[in-house]
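This briefing concerns the side-chain contacts and strand pairing of the structure shown below. It begins with charged pairs and then turns to strands, rings and individual residues.

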Amino acid sequence: MLKIVTDTYQLHKKVHPIPLKESFATAQNMLLWLLQNQSNRSARTIGLASNQLGLKGRVISVRRGHKWHMMINPSIYSTSEETAEGMEGCLSVDGLYKIERSTSVTVEYYDIKQKALMRTRLDELDARVVQHEIDHLDGKLISDNYRGVK
């Protein structure tokens, strides 16, 4: 059974892309973990990065409504100039942190269902979650650069 990684040394390592076929396996393992853990922590979880489960590949999962959206090799294509501070928590890091992020982002990623490269604009909470999860893939944690702890 996969477990959440809390070792900051491991989490600070940048995750590199791997072939799509291997990324699909990573995405399937992430989704399986999310479904198996619905009754506990993941019930409150709205995002997850592959390295939080010790898996290879640049894959994130973002809950939008009641569905999980898997994004392979995501990258921020553009951000809004407008930013907002908000409290963020993390499965891998204890505590809540006040983090300033762009209120809108366009993210580019490979979509498993459509089997295509997608570019999607996200706003508010969805934008915040995607930025948080891509930070994980880039080896950045919310505890690295926060503006106070609640």
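D126 and R64 form a salt bridge whose closest N and O atoms are 3.2 Å apart, a salt bridge being a side-chain nitrogen of Lys or Arg within 4 Å of a carboxyl oxygen of Asp or Glu. Because D126 lies in helix α3 and R64 in strand β2, this pair ties together parts that are 62 residues apart in sequence. The model is predicted, so local features need pLDDT of at least 70 and side-chain atom pairs count only at pLDDT 80 or more, whereas totals for chains, interfaces and linings use all residues. Residues are numbered from 1 along each chain as its sequence is written, and side-chain values use heavy atoms, with hydrogens and water left out.

**Salt bridges**

- By the rule above, the count of salt bridges comes to seven.
- R58 forms a salt bridge with D138, with 3.1 Å between the closest N and O atoms. R58 is in the loop between β1 and β2 and D138 is in the segment after α3, so the pair ties together parts that are 80 residues apart in sequence.
- R58 is buried at a relative accessible area of 8%, while D138 is partly exposed at 26%; buried means under 20% relative accessible area, exposed over 50%, and partly exposed in between (1.4 Å probe, protein chains only).
- R64, the partner of D126, is partly exposed, with a relative accessible area of 33%.
- E88 forms a salt bridge with R101, the closest N and O atoms being 2.6 Å apart. This pair links distant parts of the chain, with E88 in strand β4 and R101 in strand β5 (residues 97-102), 13 residues apart.
- Both E88 and R101 are buried; for E88 the relative accessible area is 5%.
- A network of salt bridges links E88, R101, R128 and D135.
- Between E88 and D126, which are 38 residues apart along the chain, the C-alpha separation is 13 Å.

**Strand pairing**

- Helices (H or I, at least four residues) and strands (E, at least two) are DSSP runs, numbered from the N terminus. Two strands pair if DSSP finds at least two bridges between them.
- Strands β2 (residues 59-64) and β3 (residues 67-79) are paired in the antiparallel sense over six bridges. The bridge partner of V59 in β3 is I72.
- The hairpin of β2 and β3 has two residues between the strands, and in this hairpin G65 takes a positive phi near 70 degrees.
- β3 also pairs with strand β6 (residues 104-111), in the antiparallel sense and over six bridges. There, T79 has V105 in β6 as its bridge partner.

**Rings**

- The structure holds one aromatic pair. This pair, F24 and Y110, is tilted, at 6.1 Å centre to centre and 40 degrees between the planes.
- Rings of Phe, Tyr and Trp (its six-membered ring) pair if their centres lie within 6.5 Å; planes under 30 degrees apart count as stacked, over 60 as edge-to-face and the rest as tilted.
- F24 counts as partly exposed at 26% relative accessibility, whereas Y110 is buried at a relative accessible area of 17%.
- The charged end of R119 sits over the ring of Y77, 3.6 Å from its centre; the criterion is NZ of Lys or CZ of Arg within 6 Å of the ring centre and within 35 degrees of the ring normal.

- D111, in strand β6, is buried yet has no salt bridge, and K113, the nearest side chain of opposite charge, is 7.3 Å away. Lys and Arg count as positive and Asp and Glu as negative; His and the chain ends are not counted.
- A polar atom of the D111 side chain lies 3.0 Å from the backbone nitrogen of K113.
- N51 is in the loop between β1 (47-49) and β2 and is buried, with a relative accessible area of 9%. A polar atom of the N51 side chain lies 2.9 Å from the backbone oxygen of H136.

- N73, in strand β3, has a positive phi near 50 degrees and is partly exposed, with a relative accessible area of 28%.
- E124, in helix α3 (residues 124-137), has a positive phi near 50 degrees and is exposed, with a relative accessible area of 57%.

Key. A polar contact is a pair of N or O atoms within 3.5 Å; within protein, one must be able to donate a hydrogen and the other to accept it, and residues adjacent in sequence count only if both atoms are side-chain atoms.
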